[in-house]
Structures are given as structure tokens and as C-alpha cells.
Amino acid sequence: MKLIFICALLCIISCRPSETKDPSKFKIKLRLSHVFSPKEDLTLSMDKVAKRIDEKTNGAVKILTFPQGQIATYKDGVELVARGAHFISVEDPSYIGDYVPEFTALVGPMLYNSYDEYTELIKTQMVKDWAKKLEKQGIKILSLEYIFGFRNLITDKVVRTPEDLEGVKLRTPGSKLFIETLNAMGATATPLPWGETFSAVQQGVVDGLEGSEFTNISTKVYETGKKNVALTKHFLGVCGVYISTEVWAKIPVKYQKIIQDEFDFEAREMINLLKSKHSSVVKKLESHGVKFNEIDRASFEKRTKNVFESLPGVNLQMYNKIQNELKSIRERI
Ligand code: X3X
């Protein structure tokens, strides 16, 4: 908590924009925070976006990137945004779901079969309307598209059914959505920040974790000895990018456009990159001894559907709306 307040104070004191909307006089510094490691694509993407925005605004908009949870992340990062700090939070959409629960439903369990289904869904009027609701709570979405792969279970034992997860402790991020989902799948969810995950796995505090192949390869999860990956694809690993509506309103339109365009452009680049390298990443993981197995999908789907009823503010109506949209998306893509 202390860290959040120091960070908020720093943001308020040192990052005040010049009180002008004249682009030639305007300057702003924004801190961008996430938990990803230096070699992960998301980290590289955020650094590229920050650099290009700096160049294209001739230094007027400086985005200072803080990877690896150096400053506020997860729920705390989103809270800073909602409070109007000069801060950009890059997190799973379930954290903005604390403000508009539809966003938790949007990234609920076992919804998507491909990245494209999700990227088409977020273009719908339904999701645009949710974003407007979120703006009323002080949070503007700059992107919902920073995909980092489907999240699968990574354990010692081979997992095929919910019964195989009985008594298995799995690390998850602290989002209620993740905790409820992993419990519904049959495991015992153990919420921990990413920074504590490796030691928890190595010391046997947890029996495994869940994450994408891209997380596995870039952060060397395979070195923990957890070499069985059950292809549950229970979540699409995705981060949104969030900024305070108040801070956004202070930025001249000319610079807003540059910022928006750069985040949009890089998200598309990252998706294309991930699609093109997924099979080689899988092969590389296999060369490190990682084994992948299919699961009894119907059993996991049956269990996780209840999550759409058990989370605060989330309901089956939202699930059905999403499924309806997905049905028409699947017909046309
Ligand atoms: O809100 C951001 C994501 O949920 C982060 O997921 P997490 O904590 O499992 O971290 C994934 C890693 O790839 C970070 O290095």
C-alpha cells in the first residue's frame, strides 16, 4: 500500500502536464507499469510504443516504462489510473472488471478458440458500450489487445480431467476471476504476484502454475521442472492498456491520436508475431523436455461455466450475450 501512495505522490508532483493544450508548449510524463519480464514480447512492445510516441511528439509525451512489477501493478495499478494519477496500467481486463463487471465476463473462462475471435469481439458495439461505462469511472481504455497466448496448466503430473487437479495447488494472479476459475477447474488456487511465483514453485509452496507458451519460454518456467502442459486454454492471456480519463483529456488531440495509433499498431504487430512464432516456441519447449497433452474439455467447460454466476457483478446474461456475439463472429471469420 505504501508503495502505491509514494507512486501516486510522485506521479502527481513530477508528472503534471504543462497547463496548456497548445501542442507546441505541452509536455507530459507518464509512468507505464506491468509485471512482464525483460525478454517477453509485451515488454519489448511497450518499450517500442514509448519510444515511437516520444519521437513522434518530439519529446512532448514521455512514457517511462516500468516492467517486472517495479511500481504498482495488477489491481493497484488500475486503482492509480482510476484516481487520476499520471500512470498507464497494463493488465488483464478482469481488473477493470472491478469497475465494470462486464470486462470480467469478457475474459471469462473457456470462451475463445482463437485470438481472432477475441479481437473481433472487442470491436463490437457491446464492448464499446462497456468502455463508455468505464470512462464514467475515470478509466479510458487505450487497448484491449495485448495478447500473450492462451493460458494452460503447467504441472508435474499429467492433467486431463478436473479430478486430476484434486489437491493440486496452482499459482494464479490475484484476480478474483483467476482464483474462482482455477478452483472451479478442481485445483486449489494460490494467488501470488508473478515476482514470487518462481520461488513458490521451487520451494514447493505450489505444485504448478498456469501460463502461456510465451510466458513459459521467455521466463524459463520449464527450468522449474514443471514439464507437463495440459492444453486447457482456460484463459486467453491478454492485457489491456488503461489511462485516467482526466489525464487523457489534458493531452492535445494531436498527441492523443499519436498515442492511440501507436498502441493500436503495436498490438497488431504483437499478435502477428505471436501467431507466426507459436509453433517454433512449442518445438523449443519440447526440446527442453516439455510435454503437451489434450484434456477432457467438456468436463472443464461444464465446471467453469458457474464462474459466470459466482463473481461479483457478473451474471449468465453477460455470458449469453458474449456467446451470441461469438456465434455470429464464428460464422463470418
Ligand atoms: O494482469 C497481467 C497478467 O494477468 C499477468 O499474468 P501473470 O501474473 O501470470 O504474469 C504473466 C507473466 O508472463 C509475467 O512475466
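Colleague: So a cavity is a set of points, on a 1 Å grid over the protein atoms alone, where a 1.4 Å probe fits but cannot get out; how many cavities of 30 Å³ or more does that give?

Modeller: The count comes to 3 cavities of 30 Å³ or more. This is a predicted model, where local features need pLDDT of at least 70 and side-chain atom pairs count only at pLDDT 80 or more, while totals for chains, interfaces and linings use all residues. Residues are numbered from 1 along each chain as its sequence is written, and side-chain values use heavy atoms, without hydrogens or water.

Colleague: How much space is in the largest one?

Modeller: The largest cavity holds about 220 Å³, where a volume is the space filled by probe spheres set on the grid points. It is lined by 18 residues (those with an atom within 4 Å of a point), and the closest to its centre are V35, F36, Y74, F148 and R151.

Colleague: Which strands supply at least two residues of that lining?

Modeller: Both β4 (139-155) and β8 (228-244) do, strands being DSSP runs of E with at least two residues.

Colleague: And what is the lining like by class?

Modeller: The lining of the largest cavity has 10 nonpolar, 3 polar and 5 charged residues, with Asp, Glu, Lys and Arg counted as charged.

Colleague: Switching over, what is the volume of the second largest cavity?

Modeller: About 60 Å³, and its lining includes F36, E40, D41, F148 and M270. The helices α2 (41-56), α9 (213-218) and α11 (253-287) each supply at least two of its lining residues, with α9 giving the most, 3 residues.

Colleague: How does that lining divide by class?

Modeller: For the second largest cavity, 6 lining residues are nonpolar, 3 polar and 2 charged.

Terms used
On a 1 Å grid over the protein atoms alone, a cavity is a set of points where a 1.4 Å probe fits but cannot get out, and a pocket is an open set with protein on both sides within 12 Å along at least five of seven lines; lining residues have an atom within 4 Å of a point. Helices (H or I, at least four residues) and strands (E, at least two) are DSSP runs, numbered from the N terminus.
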